[in-house]
Amino acid sequence: MYKIMTPGPTQVAENVRLARSLPCTNPDLDEDFVEFYRETCEKISRLLHTENETLILGGEGILGLEASCASLTEPGDKVLVLDNGIYGKGFADFVTMYGGLPELYTVDDKNTIDIPALESFLEKSHHYKYATVVHGDTPSGMLNDISKICPLLKQYGILTVVDSVSAMFGEEVNVDKARIDFLCGGSQKAVSAPPGLTFVTVSADGKKAMDERKTPIASFYANLKVFEHYYEEKWFPYTMPISDIYGLRAAIDNIEKDTKILARHASIASAARNAVTAAGLKLHLESGFSNTVTVFCVPEGTTDKDILEAMKKDHGIMLAGSFGNLAGKVIRIGHMGENANIPDMAEVFDALNHVLKKLGVPLKADMKEVFLQSISDPA
Ligand SMILES: *Cc1c(COP(=O)(O)O)cnc(C)c1O
């Protein structure tokens with residue numbers, strides 16, 4: 001068993017694992033379960049600062065993204081796809097699949113989306129039904145400022161679908177203030193439950209857009225409307241994965257109690273970046289550093305595989321490489337959710353000191369030392 005310090009799936013707390021072993025009722029027939037489901041949804045909404053309804057779907061993160069696109073897209077709809085990363089671009093596939101016409105707004109993938117530049121683009125071009133926005137683009141560690149991007153799109157009447165799967169609960173999310181229409185999350189990132197669930201918050205404007213469709217939603221499973229009357233009718237569109245939801249609830253309860261969660265993510269992320277740069281390694285990004293994952297370039301003279309293998313074999317720690325255009329180029333340390341703790345991160349940097357030296361990479365500083373010295377509030 002490795003210590004998983006990957007940017008999702010993340011470590012899972014014992015109380016979450018135990019909650020998954022509670023006795024199971026029949027989730028289709030037991031009305032107490034409908035209450036439990038709704039309460040869990042309401043807690044998620046509260047933590048994301050929204051009056052909007054949350055729906056938990058039985059499927060991992062990707063299902064939330066696809067269901068949002070499927071539920072909104074009608075043949076011929078124009079959709080603006082904000083793209084400065086792999087997940088950003090990936091949204092275009094969902095739009096196309098459901099008959100929409102994606103227009104990529106592709107910008108520099110080493111920098112966070114520039115708000116004034118987006119503003120000037122929108123002044124000239126704004127006839128879109130909705131836009132897709134990635135909050136944290138995990139393969140590169142890119143963070144985009146949804147608190148500015150989403151209200152800007154809303155000014156032009158453009159609905160937003162936001163992928164915050166790897167960012168929420170490690171980064172500030174205020175759905176109502178940012179006027180986000182569809183916000184997607186997943187169980188296996190900062191939430192720190194096992195993979196298997198996604199959840200989506202849907203605004204009144206989002207519901208209206210689904211109601212006003214002229215054509216039916218071209219999916220059953222990736223369809224948010226099938227949940228419309230579940231509570232009144234005490235009827236789920238399909239049997240809910242009850243043990244997964246028990247686990248999710250315990251993880252959400254943990255987050256609710258953890259009043260310093262965002263400050264801790266920020267402090268650990270900033271200390272991690274200090275450790276990397278002080279050692280003479282290079283961060284992949286120039287701006288938009290997320291607080292949930294640190295991404296550094298594979299140093300010359302070695303490979304991502306050598307680093308990842310030695311971390312596993314010599315130290316029992318699993319880090320991640322990346323994929324797409326970043327395959328082989330970077331190493332990712334996931335410090336989100338349960339992973340965002342000082343002892344585990346200190347262990348990662350201690351191990352990286354040894355592994356990189358062993359692979360012949362000269363280091364200008366002791367990464368563990370710099371990491372620990374850089375922690376601003378060791379809470
Ligand atoms: C993890 C993640 C998802 C969910 O995708 P999986 O690869 O199936 O885990 C979606 N969006 C982002 C940004 C993610 O990091």
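A side-chain oxygen of Ser203 comes to within 3.4 Å of the backbone nitrogen of Asp205, at the start of α8. Keep in mind throughout that this is a predicted model.

**Helix α8**

Now select the whole of α8, residues 204-211. Colour its buried residues: Gly206, Ala209 and Met210. Turn the view to look down the helix axis. The buried residues of α8 fall within an arc of 100°, so they line one face of the helix. What do the buried residues of α8 pack against? Show α3 (61-72), β8 (159-163), β9 (182-186) and β10 (197-202); these are the partners.

**Helix α6**

Next, select α6, residues 146-155. Seven of its ten residues are buried, so α6 is largely enclosed by the rest of the structure. Pick them out: Ile146, Ile149, Cys150, Pro151, Leu152, Leu153 and Lys154. Then bring up the cover over these buried residues. It includes the strands β3 (78-83), β5 (130-134) and β8. It also includes the helices α5, α7 (175-178) and α8. Before leaving, click on Gly157, which follows α6. The phi of Gly157 is positive, near 75°.

**Thr54 in strand β2**

Move to strand β2, residues 53-58, and select Thr54. Is Thr54 buried or exposed? Thr54 is buried, with a relative accessible area of 2%. The side chains of Thr54 and Ser45 are joined by a polar contact of 2.7 Å. Now show the other residues that Thr54 touches, leaving out those up to four places away in sequence. Besides Ser45, they are Cys41, Ile44, Phe199, Val200 and Thr201.

**Aromatic rings**

Switch to the aromatic side chains. There are eleven aromatic pairs to find. Take Tyr105 and Phe121: this pair is tilted, with 4.9 Å centre to centre and 55° between the planes. The pair links distant parts of the chain, 16 residues apart. Tyr105 is in strand β4 (residues 101-106), and Phe121 is in helix α5 (residues 115-124). Tyr105 is buried, at 10% relative accessible area. Phe121 has a relative accessibility of 22% and counts as partly exposed.

Then select one aromatic cluster: Phe33, Phe36, Tyr37, Tyr230, Tyr231, Phe236 and Tyr246. Arg38 lies over the face of Tyr231, at 3.5 Å from the ring centre. Lys234 also lies over the face of Tyr231, at 3.5 Å from the ring centre.

**The ligand**

- Glu60: a polar side-chain atom lies 2.5 Å from an oxygen atom of the ligand.
- Tyr87: a polar side-chain atom lies 3.2 Å from an oxygen atom of the ligand.
- Thr138: a polar side-chain atom lies 2.2 Å from an oxygen atom of the ligand.

How values were computed:
Residues are numbered from 1 along each chain as its sequence is written. This is a predicted model: local features need pLDDT of at least 70, side-chain atom pairs count only at pLDDT 80 or more; totals for chains, interfaces and linings use all residues. Side-chain values use heavy atoms; hydrogens and water are left out. Buried means under 20% relative accessible area, exposed over 50%, partly exposed in between (1.4 Å probe, protein chains only). Helices (H or I, at least four residues) and strands (E, at least two) are DSSP runs, numbered from the N terminus. The arc is that of the directions from the helix axis to the C-beta atoms. Contact means heavy atoms within 4.5 Å. A polar contact is a pair of N or O atoms within 3.5 Å; within protein, one must be able to donate a hydrogen and the other to accept it, and residues adjacent in sequence count only if both atoms are side-chain atoms. Rings of Phe, Tyr and Trp (its six-membered ring) pair if their centres lie within 6.5 Å; planes under 30 degrees apart count as stacked, over 60 as edge-to-face and the rest as tilted. A charge sits over a ring if NZ of Lys or CZ of Arg is within 6 Å of the ring centre and within 35 degrees of the ring normal.
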